[in-house]
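Reader: Please take a close look at the helix packing. Keep it brisk, and give me the cut-offs as you go.

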Amino acid sequence: MATSVRATSGGPPPPAASPSASGSGSAPGSRKHPAGRGGGWRSALHRLDMKAIPYVFIAPFFLTFAAFGLFPLIYTGWLSLHRVELGGSAQWKGLENYSSLATSEFFWNALANTFTIGVLSTVPQLLMALGLAHLLNYKLRGRGFFRVAVLAPYATSIAAATLVFAQLFNTDYGLINTALGWLGFEPVAWESSKWPAQIAISTIVTWRWTGYNALIYLAAMQAVPPDLYEAAALDGASRWRQFRSVTIPSIRPTILFTVIVSTIGATQLFGEPMLFGGSVGISGGSGNQFQTLSLLMYEKGWVTGALGQASAIAWVMLLLLLLIGGIQTLISRSNHKRKKPGS
């Protein structure tokens, strides 16, 4: 009777048996195994996600580079080994396009013009940029205005700037010849003479890119520790001496960078000489006096229709750029090793 009363009372139920008491840890049919399999899949997906997501993020760049950079490069190399004309089929020629360039006076003339225009535009451009950056590095009134002003030529369209300078250098009514006449000099044939034409084109390039390089130098100068200038001033160094002994060595990597970029730009010079020459701009003037490699490549490919020769010129330009970059890198490394203590 007592037992039946306790069974029907409202007291707490008897404690459940512990899992360890069953001897197996969990009863058959429990959810441990399905949950374990689900957790394993989630863990694997998480690891895959952590490894694959970075590649997904950078995939657009590599796909774009492959489509618009790598494929045109390889295809241009294939074309350079063939004789290809617009609307025609390709015929295997091997290295004939390259050998014809080696014996072409037009190619060597364009190569020489590219070199001389590059020197005439790059050297003054970088020297003027260093001077401007050095001036803008001081606490001047209206520094923000002057920094924007030096960048204005870079923001100007190549076509607009070249057309304006073409009017300034016009032989008959240009402002440059007018000023030379006031000084008692004879008018200069800027378009038809070789060196005057190259100087005029170099002036356009220098005017457009000096401010851009000046701001790059200015950013590098502002990263130089002020303690170096204070120590130099305490030693009695003048501003010019500080510029030569502190500023230039501190921004040497930046100078090397601008030299490389300016050299690449000079090798690919196209818009300024083409627009400056007007109707004969593609051929670099009436006597090819300022025809660059880019203009020769364009003329071979789209005027005469010799796509194979144009592709060969493009690959020669690439090899020249790689050679120049390699030489500049070796010079930079040799200077760096020379400055190491005990070397």
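Author: A residue is buried when its relative accessible area is under 20%, exposed when over 50%, and partly exposed in between, with a 1.4 Å probe and protein chains only. By that rule, 30% of the protein's 343 residues are buried. The model is predicted: local features need pLDDT of at least 70, side-chain atom pairs count only at pLDDT 80 or more, and totals for chains, interfaces and linings use all residues. Residues are numbered from 1 along each chain as its sequence is written, and side-chain values use heavy atoms, without hydrogens or water.

The protein has 14 helices and two strands. These are DSSP runs, numbered from the N terminus: H or I over at least four residues for helices, E over at least two for strands. A contact puts heavy atoms within 4.5 Å. Among contacts with a separation of 6 or more, 64% join residues 24 or more positions apart.

Now the packing. Two packed helices are described by the angle between their axes and the distance between the axes. Each axis is a line fitted to C-alpha atoms over the stretch in contact, and angles run from 0 to 180 degrees between N-to-C directions.

Take α5 (residues 143–155) and α8 (residues 194–222). Their axes are 6 Å apart, at an angle of about 140°. That angle makes the pair oblique. Under 35 degrees counts as roughly parallel, over 145 as roughly antiparallel, 65 to 115 as roughly perpendicular, and the rest as oblique. The crossing of α5 and α8 is left-handed. Left-handed means the near helix is turned anticlockwise from the far one by less than a right angle; clockwise is right-handed. From α5, the contact uses Arg147, Val150, Leu151, Pro153 and Tyr154. From α8 come residues including Trp207, Trp209, Tyr212, Leu215 and Leu218. By class, this contact has nine nonpolar, two polar and two charged residues. Nonpolar covers Ala, Val, Leu, Ile, Met, Phe, Trp, Tyr, Cys and Pro; charged covers Asp, Glu, Lys and Arg; the others, Gly among them, are polar.

Next, α9 (residues 226–234) and α10 (residues 239–250). Here the angle is about 160° and the axes are 10 Å apart. So α9 is roughly antiparallel to α10. Their crossing is right-handed. Leu228, Tyr229, Ala232 and Ala233 of α9 meet Gln242, Val246, Thr247 and Ser250 of α10. Five of these contact residues are nonpolar, three are polar and none is charged.

Leu101 is buried because its relative accessibility is 6%. Leaving out residues up to four places away in sequence, Leu101 touches Phe107, Trp108, Ala312, Ile313 and Val316. Leu101 and Ile313 lie 212 residues apart along the chain, with C-alpha atoms 7.9 Å apart.

Then α13. Its buried residues are Leu293, Ser294, Leu295, Leu296 and Gly301. Asn288 sits in the loop between α12 (271–277) and α13 (293–303). Asn288 is also buried, at 17% relative accessible area. Most residues other than glycine have a negative phi. Asn288 has a positive one, near 55°. Just after α13, Gly305 also has a positive phi, about 80°.

Last, charge pairing. A salt bridge needs a side-chain nitrogen of Lys or Arg within 4 Å of a carboxyl oxygen of Asp or Glu. One salt bridge counts by this rule. Arg83 and Glu85 pair at 3.6 Å, N to O. Glu85 is partly exposed at 46% relative accessibility, and Arg83 is partly exposed at 45%.
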